[in-house]
Every structure is written in C-alpha cells, then in structure tokens.
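Student: Could you walk me through this structure one feature at a time? I would like the general idea before each case.

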Amino acid sequence: MRARLSPSLAWIGGGVVCLFVGAASVLALTNLPAFRDPQLIGSFGQAVIPTLAIGLVGALIASRLPRNPVGWVMLAAALVNGLTALVFQYEVRTLLVARGSLPGVEWAAWFGSFVSGITYPGFVVLIMLFFPDGKLPSPRWRWLIWADVVVVAFNALFGVIDPTPIQAAGLPAVANPTGLPMFTGIESSPLGWVSFFGNIVLVLFAIGALVVRLRRARGDERQQVRWVAYALGITTFLNVMLTTSTLVLPPSPGGRVIGNVVANLLVVLGFGVAVPGAIGLAILKYRLYDIDVVINRTVVFGALAAFITAVYVGIVVGIGSLIGSQGQPNLALSILATALVAVAFQPVRERVQRLANRLVYGKRATPYEVMADFAERMSETLAPDEVLPRMAAAAAHGVGADAARVSVQFPDGSQRSIWWPSEHAVDSLRHRVQVSYHDQLVGEIAVAKTAGAPISPAEVKLLNDLAVQAGLVLHNIRLTAELQTRLDELTARADTIRASRQRLVTAATAERQRLEQTIRGGAEQELAALAAKIAAVDAMLEADPQQAAASLERLTGDVQHTLDSLRQLAHGIYPPLLRDQGLVPALRAQTAKSVVPVEVIANSVGRYAAEIEAAVYFACLEVLRSANGNSCVSVTGGDKALEFAVTAPGSADGSVQAIEDRVEALGGSLERSGSGIAGLIPVRAAVGSA
C-alpha cells in the first residue's frame, strides 16, 4: 500500500506518460504521408495533448497528496490514453502508410476499442466525483462509483463479443479477433441502447455531483471547484450533446468526417486545455492542494535547464556550424558556452525566481521572503513602537491579508495592540495565532482576510513560524516595559526621598534654631542672672556674712530651678527613660502626664535601634499633643517591622508631614486617618520584649 501511494511512483507514472507521448509523436512523424486526412490529425491531437496535460497535472497532485485519489485517477487516465495514442499510430502505420508491415494490427485495434470506454465515462466520472478533496460529496453518491464500474465493464464486454468490424476514424475497418458470431447485431439491440444511454445518464449524474459540491463549497474551495466544475461540466455536456446528435443527424461520409473532427477538437480544447487550465488556476490562484512551492521550484529549475541548454546548443552547435566544424567537438566553443553560463547564471536565476514568485504568489512576497525579511528586521535594535508595526505588516503581507494586529500580553494583565494598516472590527480577525515564549503566553498575531476567504495550510504554517520568531521579540518588549515601569517607580521614590530628606534637613535646622532661642530666652538669661548674684554675694561675704549666707540659700533655689528647666529641655530632645528602658516605658511615663486619658497597648515590643524608637516615640507624642479626648497608642513588635497606631480625637494634621518624613527616612511608611495615624518601620534587631 505504501509503495503504491508513494510520491516517487507518481513521478514514475508521469515519466511513463511522457514516454508514451514521445513514442507516439515519433511514430506519427513517420506517418506524415497519411495525415492528409483531417480525422487522423484530430485523432492524434486528441490522443497526445490531453494525455500530456492531464498526466503531468495528475502526477503533480499525486506526488503532493498521495492519498488523494484525484491525482492517481488523472494519472491512470493519462497512462491509458498515452498507450492508446501509441497503438493508434501503430494502426496508421500498418493500415495506411506501410500496409501489412507490422503484425497484430487486429489486436491493436481491439485494444484501442476495449480501453476507450475506460477513460470516458470511466475515469472522467471518477474525477468529477472525487474532485477536489478526494471525498464524495456525501455517502449517498457511493452508488455512482459502482454504476460507473458496471457501465465500463458492460461497454468492455460489448467490445469483446461484438463481431462487428472495428472502425476507427480515418482508418479501414478491422475484424474483431474476439467477436462471436452469435452476438451479431447486438449493438442495435435493446442491450446496445442500454449501453448507449447508460453512458449519457452516468455522465449527467457525475455533472450533478459536481454541481452539488459547488453549491456547498465556501470561500477558496468554492473558487477552486467553480473553475474545474465549469470546464469539466461544459466539456462533458457538449460531448454528450455531440453523441446524442448522431441519433437525429442523417449519416453521410462528409458529415461523419466533420463530426469526428468536431469531437476531436472538443476533447482537445476541453480535456487538453480547459480542464488542466482550470486545475492549474485552482492550484496557482486559489492554492489548491498547497503545491505552490513545488510549482515554483519546477518553473525555476525548468527555466534554468532550458537556458543552459539553449546557450550550449546555440554556441556549440550554432556557431560551430557557421565556422564549419562539421559536427566535430570544439573545445573552445564548449569553454565559451560554459563561461557564459557561469557568468549569466545568477542574474538569470534571480529573474526567473521573480517570475516564478509572481506566477505562484502574485504580488505578495513568498513565505521564505517574509521569514527572511522578518528575521533581518527583528535582528536590528528597534524600539517597541517600530517592532510591533513591522511585525504586523510582515504577517499581513505573508498571507495576503487586508489587516493584521499584534498584541502583547503584560504580566499585570494589561495588553497593548498594534494594527496594520488601520484598525478593523475585532470580529474580522478570524485567523489568530498565539505567541509563546518558553510555554508562557506573551501575545497574539491575528490577521483579517477578505470576507469568505479561508486561510490555507501554508499560510497557517507561515503564521506559526512567525509566532515562533516573534516569541523572543515580544518577551523582550515585555521585559523592556517592566524595566521602564520599575525605573519610573524608582525615580518617583528617589524624588520622594529627596524631598523628604530636604524637609528633614529644614526641620532639623528649624529645631536647632528653636532650641537656641529657648536656651537664650530661658536658661541662658537665668544663668547670667545667677552669675551676677554670685558676684554680689562674693562682695558681701566680708561686709555682712549673715546676709551673704541668706543670699546663697536663695541662689541654691534659683540654681535648682534652672537645672530643672535644662533637664526638661533635655528630656524633650531625647528622654533618658527612652534610652534606658525602651519605647513602651517612655510612652507610658510621658502619657501619664497628659491632661487627657491615654491608653498604651504593647504587643511583643522589644528593644530596637535608637533612631527607630525615637521616631515612633516622637511620632506618637506629636499626635497626642493636640488631642482633646480619650486616646490610644498601640505598638506591635515583630522580626521584620515595628508597627504603631495612634487614635487621638481632635488631633491636627499640621505636623504629620514631619512625622511622615522621619518615618520614610528609615524606610517605613505612614498612613493618615481622620483621628490619628498608623505606620510601620522595618527593624534590624530586637532585644527582649514588653
């Protein structure tokens, strides 16, 4: 089964067809004296032209899709016709040109008569039933295959047993070597009429099956079937009309000749030109069987072979005959031909390649050109605003789409889409291919083609190949976008920290100025007054010791008052209790002096860095300073952060900015609420807990 369906077998069959046609043509050249009869010219054209055209197309299809019966049926029909053409020229040689020169002419005529019914209606009906996908229009048409087999077998049996001499157009009658006298007159009997009308009915039903397939087809398949259905249907219908016309037209030698020539012309134009041309149009224009790459390379290689042959023959043979080489090998001319081919080969190949691409792909680029151009462009360092439009344009040009869209999926769920050339309705993007990178979805390529135009398997493969190459590109775009977002965040954070530190510097300067003013306005003046009083006491020690002692006693009270003021000022800068015992005892000691009730709640709070404890301590006191109702301070420790919250009705927002700057300077965060604050500061170490 595998050998029977191998692509190489298809090309072998095509080669045998060409061999039959070539042998028949060579034999026809020897039979030229007999070709004064137009019937012989018509029979030769009918046997050679359709055979060669259908054989090559059939071999091409069978090699590309070996499991599709259409190519094999066409190839089989061409083989039978090619052998029939060779046999017919054998008859012409034996019966007209050199009478009796070749043996077995009766069997040659018998073979031609025997196989004529196999091609028509036999193979023709099968082609119309299975075209283009190799399947019947529906299972209900299976009976027509058996009917075709029965009719062909019936016709072959009639040709075997009918004793009527075998008459071919333009040739003398030849006795049937297998005819039986007992079946004399069977052709005009009811069985003969059944055979005659059976052929016609069978062909009409096959045309009906092709029409049914045409009505059900959509998009490109409809275009493919339409042209072939038109060519096959019109050709077979006219052939049926010509056959039935013999029932009403009076027979005459001249009319018979004209009828034979018209029949030959119909077969040549229909099965030799129209049907292969329609199949070629379906293959080239509408991508039938997806063998455009094979045709492209065949055109290129064939044209190059013809070019090399023409140059060599033209120089070696043509110039050699002019200079009188008398058919002897000329080394100089051979070298000249080889050099000319070597120099002109590449320019000629490029021109032929462009011609083949234009023939197969039309105005759009070939898939190879699309992939090569895409890879070259993507290798450049391009911004996302340039990459995505070029990617969309490459996808649209590659499949001949009206528009294309390339989308990038970002990790946060957002999406960015670029259209080429302009936006279309989303519903028109019927052909979509997901783009992945290491099994991760990174985007999508979608194209919009003309309404009703499907996408071919080759175009699907091209989109998939583009998606593979686009995976890394879209992944890099995602990384670039993520890095840009991170950079923007870091820039914003740096600006915030810069502004916060500037505010901290300003606040520290203002605090120093306030302390300086406080010291100058209080403790400094008190100390100056104490110095003056001490000087006065020093003067009265000798004059009035008793009064000096009383003055020193009063100075002791003034010194204690000044010392208390300095201690209170120092406690405001950094309380000793905070340094010695930690955050919670310092808060409880300070809130105990508040005029409003304040509850301090501590949960797993240990000792932390001095700057962290000071930041939380002063943040809480700053909010409590303007409280006018029951307040609460909550502090929660942990291995990673120290959290705090202050609820103080009536607290003002004036100093919250300074608190926020101080907390953020330590890497923490602060949130404001209607009656307080809540924040956290990352911690480095803790000792004990309270």
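**Reading the model together**

Tutor: Gladly, and let us begin with a cysteine: C620 is buried, because its relative accessibility is 0% and the cut-off for burial is under 20%. Keep in mind that this is a predicted model.

Student: How does C18 compare with that cut-off, buried or partly exposed?

Tutor: C18 has a relative accessible area of 33%, so it is partly exposed.

Student: And how many disulfides does the structure hold?

Tutor: The general idea is that a disulfide covalently joins the sulfur atoms of two cysteines. Here the count is zero.

Student: V663 makes me curious about its helix. Which residues of α18 are buried?

Tutor: Helix α18 spans residues 656-665, and its buried residues are V656, I659, E660, D661 and V663. After the helix comes G667, with a positive phi near 85°.

Student: How should I read positive phi values in residues that are not glycine?

Tutor: H438 is a case to look at, as it is not a glycine and yet has a positive phi of about 55°. You will find H438 in the loop between β3 and β4. With a relative accessible area of 67%, H438 is exposed.

Student: Where is S604, and what is its phi?

Tutor: S604 sits in the loop between β5 (598-603) and α17 (610-624). Its phi is positive too, near 55°, and S604 is not a glycine. S604 is partly exposed, at 46% relative accessibility.

Student: Now the sheet. What is the order of its strands?

Tutor: Reading across the sheet, the order is β2-β1-β4-β3; the sheet is open, has four strands and pairs in the antiparallel sense. At the edges are β2 (415-420) and β3 (431-437), each of which pairs on one side only. From one strand to the next, the twist averages 15°.

Student: How many bridges join β1 and β4?

Tutor: Six bridges join β1 (residues 403-409) to β4 (residues 440-448), in antiparallel pairing. To see a bridge for yourself, find R405, whose partner in β4 is A446.

Student: What is I418 in contact with, leaving aside neighbours within four places in sequence?

Tutor: I418 belongs to strand β2, and its contacts are L388, P389, A392, A404, R405 and V406. Between the C-alpha atoms of I418 and L388 there are 6.2 Å, although these residues are 30 apart along the chain. I418 is buried, because its relative accessible area of 18% falls under the 20% cut-off.

Student: Last topic: aromatic pairs. How many does the structure hold?

Tutor: There are three. In one of them, the rings of W107 and W110 have centres 5.6 Å apart and planes at 75°, so this pair is edge-to-face.

Student: Why might two residues on one helix point the same way?

Tutor: An α-helix has 3.6 residues a turn, so residues three or four places apart point the same way. In helix α4, W107 and W110 are three residues apart, so about one helical turn separates them. W107 is partly exposed at 47% relative accessibility, whereas W110 is buried at 17%.

Student: What is the geometry of the pair formed by Y617 and F618?

Tutor: Y617 and F618 are also edge-to-face, with 5.0 Å centre to centre and 80° between the planes. Y617 is buried, at 2% relative accessibility.

Note on methods: Residues are numbered from 1 along each chain as its sequence is written. This is a predicted model: local features need pLDDT of at least 70, side-chain atom pairs count only at pLDDT 80 or more; totals for chains, interfaces and linings use all residues. Side-chain values use heavy atoms; hydrogens and water are left out. Two strands pair if DSSP finds at least two bridges between them. Helices (H or I, at least four residues) and strands (E, at least two) are DSSP runs, numbered from the N terminus. Axes are lines fitted to C-alpha atoms, for helices over the stretch in contact, and angles run from 0 to 180 degrees between N-to-C directions. A disulfide is a pair of cysteine sulfur atoms within 2.5 Å. Buried means under 20% relative accessible area, exposed over 50%, partly exposed in between (1.4 Å probe, protein chains only). Rings of Phe, Tyr and Trp (its six-membered ring) pair if their centres lie within 6.5 Å; planes under 30 degrees apart count as stacked, over 60 as edge-to-face and the rest as tilted. Contact means heavy atoms within 4.5 Å.
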